Amino acid sequence: MNIVEITNDVEKQNIARDILEALPEWFGIPESREEYIRDSVGQSFFCAYTDDKPVGFLYLKQTGKDTVELAVMGVLKELHRNGIGKALFESAKKSACEKGYSFLQVKTVQMGKYEAYDKTNRFYLSLGFKEFEIFPTLWDEWNPCQIYVMAL
């Protein structure tokens with residue numbers, strides 16, 4: 001596996017589309033998925049490759065002068081629990097530190113609502129994120145937003 005920072009915006013959108021469309025459990029709402037794809041333009045974007053094939057990605061988005069957000073992350077489901085997500089995260093975290101950010105945040109659905117998102121929550125906690133706040137209706141009442149933070 002190889003982690004590469006992607007700078008070409010069209011390539012970012014193509015990778016994001018391919019991976020997110022393969023993950024309907026997490027990205028099944030077409031409008032939200034398209035927004036993630038559109039928003040990849042201009043962001044710090046990292047892609048994991050296996051045998052020259054994109055198998056996962058994430059991108060960071062600045063949310064404040066000192067804060068960057070892990071805006072979206074996807075790894076092909078058949079490759080979960082193989083260290084790809086962690087490797088992507090470590091590359092992105094290193095980049096955020098080098099750019100002088102002080103904090104990293106990530107949003108997901110609150111623990112206890114859906115099994116797939118419970119796995120996501122456990123993954124973020126395993127990386128060292130800490131619970132910050134829950135916004136019960138940021139997205140909608142069925143998907144309470146859990147925000148995790150990390151000092152860099």
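Trainee: Lysine 119: buried, partly exposed or exposed?
Mentor: Lysine 119 counts as partly exposed, at 48% relative accessibility. Buried means under 20% relative accessible area, exposed means over 50%, and partly exposed is in between (1.4 Å probe, protein chains only). One heads-up: this is a predicted model, where local features need pLDDT of at least 70 and side-chain atom pairs count only at pLDDT 80 or more, while totals for chains, interfaces and linings use all residues. Residues are numbered from 1 along each chain as its sequence is written, and side-chain values use heavy atoms, with hydrogens and water left out.

Trainee: OK. Which residue does lysine 119 form a salt bridge with?
Mentor: Glutamate 115, with the closest N and O atoms 3.8 Å apart. A salt bridge here is a side-chain nitrogen of Lys or Arg within 4 Å of a carboxyl oxygen of Asp or Glu. Glutamate 115 counts as exposed, at 57%.

Trainee: How many salt bridges does the structure hold?
Mentor: There are 8. One of them joins lysine 107 and glutamate 69, at 3.1 Å from N to O. That pair links distant parts of the chain, since lysine 107 sits in strand E5 and glutamate 69 in strand E4, 38 residues apart.

Trainee: Is glutamate 69 buried or exposed?
Mentor: Buried, at 8% relative accessibility. Lysine 107 is partly exposed, at 27%.

Trainee: New topic: what order do the strands come in across the sheet?
Mentor: The 7 strands of this open sheet run E1-E2-E3-E4-E5-E7-E6, with mixed pairing. Two strands pair if DSSP finds at least two bridges between them.

Trainee: Why is one side of E1 and of E6 left without a neighbour?
Mentor: Strand E1 (2-6) and strand E6 (130-140) stand at the edges and each has a single partner strand, so one side of each has no neighbour in the sheet. For E1, strand E2 (residues 44-50) pairs with it in the antiparallel sense over 5 bridges. Glutamate 5 stands opposite phenylalanine 46 in E2.

Trainee: Back to H5, which strands does it touch?
Mentor: Helix H5 (residues 115-126) packs on the sheet and touches E4, E5 and E7, where contact means heavy atoms within 4.5 Å. The direction of H5 makes about 165° with that of E5. Axes are lines fitted to C-alpha atoms, for helices over the stretch in contact, and angles run from 0 to 180 degrees between N-to-C directions.

Technical notes
Helix = DSSP H or I, 4+ residues; strand = E, 2+ residues; numbered from the N terminus.
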